[in-house]
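Subject: Structure handover and notes

Hello,

Please find the structure below, with the sequence it belongs to. My notes follow it.

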Protein chains: 2
Amino acid sequence: MKNVLIIGCGLLGSSLVRRISKKKIAKKIFIYDKSKSNITKIKKLRLPGTIVKSLKDGVLNSDLIIFCTPMSEYKKLILEINSFISAKTLITDIGSSKIESSKIIKKFLKKGVHWTRSHPITGSEVSGPEHGKDNMFEGKWCVLIKDKKTNFKHLKFLKSFWKKVGSKTVIMNSEKHDKIFSITSHLPHLIAYNLVKSAQDFEKIFKFNLIKYSAGGLRDFSRIAASNEVMWRDIFFDNKVNITKAIDLFIKNLKSFKKDINKKNNKSILKKLKKTKKVRTKIIKLKQDIDRPNFGRD
Amino acid sequence: MKNVLIIGCGLLGSSLVRRISKKKIAKKIFIYDKSKSNITKIKKLRLPGTIVKSLKDGVLNSDLIIFCTPMSEYKKLILEINSFISAKTLITDIGSSKIESSKIIKKFLKKGVHWTRSHPITGSEVSGPEHGKDNMFEGKWCVLIKDKKTNFKHLKFLKSFWKKVGSKTVIMNSEKHDKIFSITSHLPHLIAYNLVKSAQDFEKIFKFNLIKYSAGGLRDFSRIAASNEVMWRDIFFDNKVNITKAIDLFIKNLKSFKKDINKKNNKSILKKLKKTKKVRTKIIKLKQDIDRPNFGRD
């Protein structure tokens with residue numbers, strides 16, 4: 001690969017810039033970001049890429065374009081690049097849900113131009129280029145989407161690219177991807193937002209200052225609920241069918257817990273509480289988290 | 001204070017033993033634990049306390065008794081100590097909910113014996129004396145319960161005790177305590193268990209191996225859902241009235257999120273998502289969590 005264009009240089013975009021430069025994965029790295037405050041930060045950080053003022057400059061000189069913006073930006077950007085992009089340039093992205101956004105891409109992207117989708121499973125509750133780091137993708141999964149029309153050559157190219165970036169790759173179709181992440185990522189984030197919202201409501205109703213006693217659970221949720229709201233709105237809207245199903249399953253289970261609690265059904269609740277512990281063991285074993293108690297935060 | 005008896009030497013009980021010994025808060029520390037495997041561990045760890053085989057030996061020689069067992073053990077233990085405890089010995093505990101368990105204490109504890117309740121806000125997803133540590137309570141809140149019949153002298157004594165243990169103390173009544181912690185701790189734990197349960201159900205239905213993609217949210221919940229199941233069953237049962245109300249508020253809010261998602265109500269969802277971020281800032285400011293992204297786990 002010669003040159004790469006990163007569109008949207010926030011937490012993940014800037015991490016890609018850092019990593020691509022460090023590992024010399026591309027000859028030149030172009031950065032496009034519509035946010036003036038991001039551009040100021042990128043300059044200050046002296047990120048190893050060339051900031052382009054017009055999308056055209058970046059697109060015409062790149063073999064690979066990586067969309068790192070919230071998904072709601074895709075349509076506008078596609079309409080803009082359509083007038084100068086050629087079929088030689090491959091596009092990918094890092095969006096967290098695929099079905100709905102693929103429809104937008106299919107509908108609006110100029111015919112003949114290829115966009116093969118990626119989803120690196122990484123991130124943080126903080127946003128912006130100042131929080132990016134070159135090892136953001138190290139050892140993390142990157143899902144590559146293979147749908148009916150996916151070009152095998154491009155898939156192979158992206159697989160090799162993400163491996164250089166440090167990720168482990170796995171290939172699946174959009175439907176499977178969106179189902180899995182509705183449960184492992186989208187619902188947990190929604191639940192975290194919802195829990196913090198409920199705590200805020202509670203504080204209002206009872207006029208208790210309760211946030212200061214949040215060490216026992218709420219604080220962990222509050223971390224997740226501090227994630228970028230535009231990105232998450234886009235994900236929730238984009239994957240709404242699966243998320244709705246996940247919400248319904250979640251509420252059904254919660255009502256069952258409520259019943260156990262109200263009836264003091266010892267056997268039923270212990271069975272549930274015991275079983276869930278096994279998932280943690282599995283997660284540690286799969287190296288999806290560190291095994292230090294309390295994340296080693298104390 | 002001369003001597004202290006720790007009943008139940010698990011994560012928190014053993015942390016108290018370590019701290020009391022280190023800071024020389026008591027002359028002698030007695031340890032009582034009905035679990036043989038715990039006793040074996042305590043011996044192997046050479047914890048700085050004297051293991052007593054009978055409760056009587058510990059109770060008769062102590063000025064302060066601290067119940068560190070699951071709350072469901074209280075009744076049985078109370079009935080046992082009633083036959084030899086005197087009014088000179090003060091009892092406290094570290095139970096996470098207060099209204100229901102206070103009724104048990106009131107109903108069964110020998111008249112004239114004082115039990116003033118404590119709740120140190122600390123813990124971890126791991127259990128057992130091998131995970132205890134002397135700084136477990138350092139800088140953490142400890143709630144002291146002041147109800148109608150609480151003896152002021154005992155409250156003062158416990159306040160001083162917990163300060164020596166490293167905690168910041170705050171006094172409130174059982175009702176306020178149980179309301180606050182139903183939201184900041186009990187509901188979050190239930191939600192975490194419920195989310196992991198829902199992920200397990202999902203895995204079964206779709207036959208997808210999804211736990212390995214849990215980096216994006218589920219893993220944080222899985223940590224909380226790995227907590228001791230007996231302790232949590234007791235808390236859920238004990239504080240069922242407040243937890244039921246919290247569940248209802250949570251479901252109401254979740255349904256409102258679901259509506260926003262289905263209607264793609266941009267304004268409404270962004271308002272909610274933005275507002276919840278503020279809680280994180282507050283939690284960091286109040287030093288209830290560290291401010292490193294992702295808990296600094298990477």
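Conventions. This is a predicted model, in which local features need pLDDT of at least 70, side-chain atom pairs count only at pLDDT 80 or more, and totals for chains, interfaces and linings use all residues. Residues are numbered from 1 along each chain as its sequence is written, while chains are lettered from A and ligands numbered from 1 in the order in which they are written.

The two chains. Chain A can be laid on chain B with an RMSD of 0.0 Å, by a turn of 180° and a shift of 0.0 Å along the axis (least-squares superposition on the C-alpha atoms of residues with pLDDT of at least 70 in both copies). The two copies are thus related as by a two-fold rotation axis. The interface joins 91 residues of chain A to 91 residues of chain B by contact, where contact means that the C-beta atoms, placed from the backbone, lie within 7 Å. Of the interface residues of chain A, 100% are also interface residues in chain B, so the copies meet through the same surface.

On the side of chain A that touches chain B, at least two residues each are supplied by α7, α8 (218–224), α9 (229–238), α10 (240–262) and α11 (266–285) of chain A. Helices here are DSSP runs of H or I with at least four residues, strands are runs of E with at least two, and both are numbered from the N terminus. The largest share, 23 residues, comes from α7(A). By class, this side of chain A divides into 46 nonpolar, 22 polar and 23 charged residues; Ala, Val, Leu, Ile, Met, Phe, Trp, Tyr, Cys and Pro count as nonpolar, Asp, Glu, Lys and Arg as charged, and the others, Gly among them, as polar.

Axes are lines fitted to C-alpha atoms, for helices over the stretch in contact, and angles run from 0 to 180 degrees between N-to-C directions. From α7(A) the contact uses A:Y193, A:V196, A:K197, A:A199 and A:Q200, and from α11(B) it uses B:K272, B:L273, B:K275, B:T276 and B:V279. These comprise five nonpolar, two polar and three charged residues.

Domains. Chain A is divided into domain 1 (3–172) and domain 2 (176–264), with bounds from an automatic or database domain assignment. Their centres, taken over C-alpha atoms, are separated by 29 Å. In chain A, 15 residues of domain 1 are in contact with 16 residues of domain 2. On the domain 1 side, α5 (99–108) and β8 (141–145) of chain A are the elements that give two or more residues.

Sheets. In chain A, an open sheet of three strands has the order β7-β8-β9 with mixed pairing; two strands pair if DSSP finds at least two bridges between them. Its edge strands are β7 (118–120) and β9 (168–172) of chain A. β8(A) and β9(A) pair in the parallel sense over five bridges, and A:C142 stands opposite A:T169 in β9(A). α7(A) lies across β7, β8 and β9 of chain A, at about 145° to β8(A).

In chain B, an open sheet of six strands runs β3-β2-β1-β4-β5-β6 with parallel pairing. β3 (50–51) and β6 (114–115) of chain B stand at the edges with a single partner strand each, so one side of each is left without a neighbour in the sheet. Strands β4 (residues 64–67) and β5 (residues 90–93) of chain B pair in the parallel sense over four bridges.

Regards

Key:
Two residues are in contact if their C-beta atoms, placed from the backbone, lie within 7 Å.
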